[in-house]
Amino acid sequence: MIQPELKAYRRCSDRHVLVLETNLTYVEKCQIFHYADLVRKAGDELTGIMKKRYDQLVRTKRYRKLKTLYKKYKDADNKKALKDVCDQMKEMQKQYDVTWDYCRTSMIPIGKKYGIDAVFALTKAEDVFRGIEKCLYSDG
């Protein structure tokens with residue numbers, strides 16, 4: 001029987017979990033866990049880079065003011081003013097390199113450094129940027 005907490009997590013999660021039974025040797029298991037550890041380290045390094053950029057952005061008075069205006073206009077359903085605020089926020093994000101493009105391109109040399117396949121590196125970069133976006137547009 002699946003636990004209720006696990007069911008709730010799976011409903012909210014955008015990732016699919018597939019459970020398989022295999023006959024792996026101990027050495028093969030070690031290789032898989034080693035690769036997973038490399039992906040984690042690369043993700044941690046990218047998270048550190050993006051966190052520094054995000055912290056620099058949040059330190060500015062202008063961005064903090066725009067964030068409060070964003071919340072105010074979103075609650076009031078003022079679409080025109082919300083679009084204007086979003087445009088200004090995006091411009092500041094570009095200025096401080098807190099963008100998806102910067103995150104993706106920063107992961108390329110990190111992935112090469114750790115010897116990670118491009119698919120796994122890009123997936124990890126997407127995960128990191130999804131967290132950054134949550135901080136940018138909500139209370140994060």
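This is a predicted model: local features need pLDDT of at least 70, side-chain atom pairs count only at pLDDT 80 or more; totals for chains, interfaces and linings use all residues.

Residues are numbered from 1 along each chain as its sequence is written, and side-chain values use heavy atoms, with hydrogens and water left out.

**Core.** I looked up the largest nonpolar core and got 27 residues. The term covers buried (under 20% relative accessible area, 1.4 Å probe, protein chains only) Ala, Val, Leu, Ile, Met, Phe, Trp, Tyr and Cys joined through side-chain atoms within 4.5 Å. Leu46, Met50, Cys103, Met107, Ile132 and Leu136 have the most contacts inside it. H2, a helix (a DSSP run of H or I, at least four residues), gives the most to this core, with seven residues.

**Cys103.** Which residues is Cys103 in contact with, leaving aside neighbours within four places in sequence? I found Leu46, Met50, Ala125, Val128 and Phe129, contact being heavy atoms within 4.5 Å.

**Salt bridges.** I count ten, using a side-chain nitrogen of Lys or Arg within 4 Å of a carboxyl oxygen of Asp or Glu. Arg53 pairs with Asp97 at 3.7 Å between the closest N and O atoms. That pair links distant parts of the chain, helix H2 and the loop between H4 and H5, 44 residues apart. Arg104 pairs with Asp101 at 2.5 Å; both lie in helix H5, three residues apart. I also noted a network of salt bridges linking Asp37, Arg40, Lys41 and Asp44.

Notes:
Buried means under 20% relative accessible area, exposed over 50%, partly exposed in between (1.4 Å probe, protein chains only). Helices (H or I, at least four residues) and strands (E, at least two) are DSSP runs, numbered from the N terminus.
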